[in-house]
Structure formats: C-alpha cells, structure tokens
Amino acid sequence: MAEVTPCTACGAELQGRKSLFEYKGVPLWLCERCAALPLSQRFDMLKPLIRTIDREAKERAAAAARVAYREDITEEQIEPLLLHAFLDLIQERKAAGKRELVATMETIATWLSERTTLPVKAQHVQYLTLALRDGLIIDVGGGGIGRPNSYDTTEAKMGIEAFWDQVDAFLIVWKMPNRKSLLEA
Ligand SMILES: [Zn+2]
C-alpha cells in the first residue's frame, strides 16, 4: 500500500491532484482545496509550520558556525609553545653534531605538531620562521628551489643573554596570524 501524504495545511488525506512546493528544502503538500485558497489564507494555515522550519534552519546555521575550541591551551600560549619547540629542534640537531636544522616546512610542521599537540601546517612554519628571521632570532639559509631551508639560531652570534632578551621581546610583540584556528577542537 502506498504511503498516504496528508495536506500540510489542513491535514486532509491527499487525493487526486496535489500541489507541492518547497520551503527551505522542506516539501509542503497541499490538497486541492487548500491549493485553491487565496495566498494570504494559505500562508496563515502554514504559518506555524513555516515558523518551525525557520527556527530549525536558524539552529542548524548556528550549530555550523559554532566551532569548538580546546581549553587546555590558551591563545597566549601558542607563540611561546611554537617558538620553544622550534628552537629545541635546532638545539637537538646541533647537540647531535649537525651545523644547523635542515628540513622542509612540511617536515618541521609535523615535528612541531607532535611536540605541541597543535595542528601545525607548513603555512604556520613559514609565518614562524619569517617572523623569527625578521626578529633576528634565527638565520635562514636558502636551500634553493625544491630544497629545504637551513635554520640556525643567532645565539652564538649575539651571546646567550642578548639572544634570550631578544626572544622575550619577540614573544611580547609577535602573534601567529589566525592563531585561534590552532585551538579548534
Ligand atoms: Zn488541505
């Protein structure tokens, strides 16, 4: 037996010709009698339903716009976390006897993600390393097209104290662009 569709306006069982229209993706069926009513009268009958559809559409839009952010890390912690994790990477390379850190931004992004638990992308590494270079905290050697860059701190050049003063000053002023996106849960 075929499913019986009631008229959305009056609830009468639909027979014969029926009129279908859609409101915000919800199909509304009208019986012949209701479909023949003047528009304002039809609207009055459908008003409660249209209000419900409007409210539900609004709630869906609000839910989509509501992004959850993790709370174990604050926005202000993002820059020191990334900076120290990056400097640690360089230090570890040097402790292992390498002259500097040589890696692609994608690889560095993966390492920083593992160390900070933040979803670091190559773009973030680019922002970070450019800012650190401009802040005189690292020297960046060009690897050439398709080759990874090399990174070294300016600690030896500046002296330990001046270097860490520079790091402190850097952290006061620098913010990762769109940093809140790094806290999306
Ligand atoms: Zn009807």
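Helices (H or I, at least four residues) and strands (E, at least two) are taken here as DSSP runs, numbered from the N terminus. On that basis the chain holds seven helices and five strands. Along the sequence they follow the pattern β-β-α-α-α-β-α-α-β-β-α-α. The radius of gyration, taken over C-alpha atoms, is compared with a globule rule of 2.2 Å times the number of residues to the power 0.38. For 185 residues that rule gives 16 Å, whereas the chain has a radius of gyration of 30 Å, well over that value, so the chain is more spread out than a compact globule. Along the principal axes, its C-alpha atoms fill a box of roughly 90 × 35 × 25 Å.

The model is a predicted one, in which local features need pLDDT of at least 70 and side-chain atom pairs count only at pLDDT 80 or more, while totals for chains, interfaces and linings use all residues. Residues are numbered from 1 along each chain as its sequence is written. The pLDDT, the predictor's confidence in each residue on a scale from 0 to 100, averages 90 over the chain, and 97% of the residues score at least 70. Confidence is lowest in β1, with a mean of 80, and highest in helix α4 (residues 105-116), at 97.

Strands count as paired if DSSP finds at least two bridges between them. Strand β1 (residues 19-23) and strand β2 (residues 26-30) meet this criterion with five bridges, in the antiparallel sense. Tyrosine 23 stands opposite valine 26 in β2. Two residues lie between the strands of this hairpin, where lysine 24 takes a positive phi near 50°.

Strand β4 is joined to strand β5 (residues 149-153) by four antiparallel bridges, and valine 140 has tyrosine 151 in β5 as its bridge partner.

Contact means that the C-beta atoms of two residues, placed from the backbone, lie within 7 Å. Of the contacts in the chain with a separation of 6 or more, 50% are between residues 24 or more positions apart.
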